[in-house]
Amino acid sequence: MKKTDVVIIGAGPAGLSAAIECKKHDVDVIVVDEFPKPGGRMLGQLHQEPNGEWWNGIKETDILMEKAEELNTTIECGIAVHHIETLPDGGYTVHTNKERFAAENVLIATGAAEVAAPIPGWTLPGVMSIGAAQVMTNVHRVKAGEKGIVVGVNVLSAAIARELQLAGIDLHSMALPAKNAVSEEQAHPQKVMDGLVRIAHLAPSKFIQFGSKFAKNSFVRNIATKFFPKGGVKMWGMPIHVRKAVTKINGTEKVESVTMVDVTTDGEIVPNTEQHIDVDFVCIAGGLYPLAELAAAVGLPFQYSEELGGHVPLHNEAMETNVAGIYVAGNITGIESAKVARAQGKAAGLSIVKNTTEQNVTAALQDALHEVRETRQAASIQFHPRIEEGRSAINTSFQNKATN
Amino acid sequence: MTSKRIDNHPVLGKLSDKEKITFQFDGKTYEGYENDTIASALLANGIRTLRKHENTGNPRGIYCNIGHCFECRVTVDHQSNIRACLTPIQENMIVESGQVQPHPLHPDNDTEAIRTYEDFEQWEEE
Amino acid sequence: MEDFVVCRCEEVSLKELEETAEKYDCSARELKLRTRAGMGFCGGRTCRPAVDKVLTDITGEEPTDAVPLKVAPPVRPISLSGLGGESSDK
């Protein structure tokens with residue numbers, strides 16, 4: 001059994017930056033990840049910032065990996081953690097599909113999973129999550145298909161649709177999933193518009209940018225939803241529909257087409273508006289939620305937070321949890337960007353150094369916390385408008401639990 | 001057939017030359033590149049169906065592509081339930097797709113089987 | 001609206017969830033146990049948010065702070081030999 005100071009579960013931006021901080025301060029780590037390459041979901045990211053610069057996940061991962069390698073950091077990919085066992089005399093045994101690891105501290109940086117937006121036919125080969133398409137395109141450089149459609153219009157799916165286009169993949173359009181017992185949020189044009197407005201400032205179209213300033217007012221948004229053009233609003237030449245929904249994915253052995261209908265401002269199907277669209281792949285996009293199963297397995301208390309995307313393990317700004325020796329960082333703490341995850345990882349690493357060694361890293365930790373806050377403020381894309389409230393509420397609950 | 005690979009990308013650049021790897025899927029031989037996962041190599045070869053649902057036989061392929069959903073599970077060199085989306089291909093790897101499993105309580109299988117409480121009561125009486 | 005699968009692993013459809021709830025008038029947890037929704041190979045990772053949403057609608061039980069459907073290790077499918085040995089073997 002391999003022994004170390006900290007086992008870091010997840011080699012994404014949070015896990016890697018935490019590893020770097022630890023190693024810089026002579027705290028030994030082993031980073032494990034079930035994906036065959038390090039970089040987590042940041043590896044597949046590729047988008048343009050408002051200033052025109054490209055955020056290239058492969059490059060950003062290389063930067064972190066170079067620092068990690070300089071410090072002789074052990075990173076083992078292809079390892080799936082299935083349990084974190086709490087030892088009676090302190091410390092933890094991390095159980096994986098390959099071997100066990102022993103450490104006094106564990107950082108759980110397992111990121112997020114996708115929320116499904118099921119519609120009839122969604123289990124057919126050719127239907128995949130929007131994240132799957134991102135990985136296939138940017139990481140594996142394989143086309144998801146000849147012609148596709150994105151079902152679910154939100155910040156993440158719009159960004160990835162752009163990535164697919166960039167890679168030369170033919171996308172028919174983006175549209176909502178039909179309203180059903182699961183898809184309420186994603187199927188409601190008004191709610192979707194609210195979400196779109198938050199990324200409209202990134203649109204290359206000046207008209208949309210201009211409109212987004214006014215669309216902050218909900219009255220204006222209501223009008224916009226009502227008069228949303230039938231042909232969709234074209235972002236980068238591809239229609240984004242807020243008044244059309246996909247009701248069914250058709251095919252026997254695999255995806256052959258989808259059925260699309262017009263919908264009212266409330267997402268109700270308008271009769272006799274069915275159209276069939278031939279596609280060979282469909283991307284489903286329902287949003288992200290923190291993947292906290294290992295945090296639950298090790299007994300961390302949770303809180304449901306809409307702003308953060310789901311059930312989140314209680315933690316403070318310094319990434320400490322209510323269980324000694326267990327830390328969290330990245331999307332498991334709430335859905336934000338890779339930049340925030342990276343900054344959180346740094347904070348988590350410094351927290352571990354502060355708590356486990358005699359080194360004085362108080363100032364460095366304060367700087368790291370400041371960096372997290374600044375990164376959050378500067379974000380050009382915000383996954384949820386009330387993220388600060390969400391963060392604050394979790395912190396309060398953590399403090400309450402800690403003092404009781 | 002047009003290439004299923006993104007050889008040239010305006011930002012990510014050109015795909016570098018990679019070693020070709022030969023592997024088998026359900027008895028047929030395919031070619032992929034070094035660092036392809038089983039899932040990406042098969043998709044590059046136009047194959048989407050990776051298994052049949054154990055009960056219903058419905059065809060399934062990748063869904064999440066990052067190891068969460070297990071839809072892509074295949075048997076690799078006789079080890080079952082390996083995620084195709086996480087496993088890099090290797091030379092001469094033998095990959096097999098999962099098929100429908102016999103169901104002990106399926107009506108077609110054992111007509112004598114006790115399936116419900118009524119069956120049990122009847123059997124007890126006999 | 002046409003029926004659709006909610007839990008992919010166990011192929012539990014919305015109709016099955018609704019009918020089972022009506023037949024047994026049960027809690028969200030019991031509904032999961034009866035239909036196996038969320039209890040398949042992926043450990044509920046894919047369908048948990050969807051199943052929880054459907055169950056809130058059907059049973060009226062509001063989501064709590066505790067992670068629904070108690071998460072118990074192993075959180076990845078593991079073979080018996082994988083559990084017993086120090087290294088994986090066939």
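Two strands pair if DSSP finds at least two bridges between them. Keep that in mind for chain A. One caution before we start: this is a predicted model.

Start with strand 1 of chain A, residues 2-9. Which strands does it pair with? One partner is strand 8, residues 100-108 of chain A; the two run parallel over seven bridges. Another is strand 2 of chain A, residues 29-33, also parallel, with four bridges. Now look at V7(A). In strand 8 of chain A, V106(A) stands opposite V7(A). In strand 2 of chain A, the residue opposite V7(A) is I30(A).

On to chain B. It holds two helices and nine strands. Read from the N terminus, the order is β-β-β-β-α-β-β-β-β-β-α. How much of chain B is buried? Of its 126 residues, 35% count as buried. Then the contacts within chain B. Take those between residues at least 6 apart in sequence: 39% of them join residues at least 24 apart.

Chain B also has an open sheet. Five strands, order 4-3-9-7-8, mixed pairing. Which strands sit at the edges? Strand 4 (28-33) and strand 8 (79-83) of chain B, each pairing on one side only. Ignoring direction, neighbouring strands of this sheet are turned by 40° against each other on average. Zoom in on one pair. Strand 7 of chain B, residues 73-76, meets strand 9 of chain B, residues 94-97, in the antiparallel sense, over three bridges. One bridge to check on screen: T75(B) has E96(B) in strand 9 of chain B as its partner.

Chain C next, at helix 2, residues 28-35. Which residues of this helix are buried? They are A28(C), L31(C), K32(C) and T35(C). They span an arc of only 100° around the axis, which puts them on the same side of helix 2 of chain C. An α-helix has 3.6 residues a turn, so residues three or four places apart point the same way. What covers the buried residues of helix 2 of chain C? The cover includes strand 2 (12-13), helix 1 (14-24) and helix 3 of chain C. Just after helix 2 of chain C, there is a backbone detail: R36(C) takes a positive phi of about 70°.

Now the interfaces. First, A with B. This contact takes 30 residues from chain A and 28 residues from chain B. On the chain A side, the elements giving two or more residues are strand 4 (54-56), strand 9 (112-114), strand 10 (127-129) and helix 3 (130-139). Helix 3 of chain A gives the largest share, six residues. By class, that side of chain A has 14 nonpolar, ten polar and six charged residues.

Then C with A. Here 30 residues come from chain C and 30 residues from chain A. On the chain C side, strand 1 (5-7) and helix 3 (48-59) each supply at least two residues. Which element of chain C gives the largest share? Helix 3 of chain C, with five residues. The classes on that side of chain C are 17 nonpolar, five polar and eight charged. Note that helix 3 of chain C is also part of the cover over the buried residues of helix 2 of chain C.

Technical notes
Residues numbered from 1 in each chain as written. Chains lettered and ligands numbered in written order. Predicted model: local features only at pLDDT ≥ 70, side-chain atom pairs only at ≥ 80, totals over all residues. Contact = placed C-beta atoms within 7 Å. Nonpolar A, V, L, I, M, F, W, Y, C, P; charged D, E, K, R; others polar. Buried ≥ 20, exposed ≤ 12 C-beta atoms within 10 Å, placed from the backbone. Axes fitted to C-alpha atoms, helices over the stretch in contact; angles between N-to-C directions. Arc of directions from axis to C-beta.
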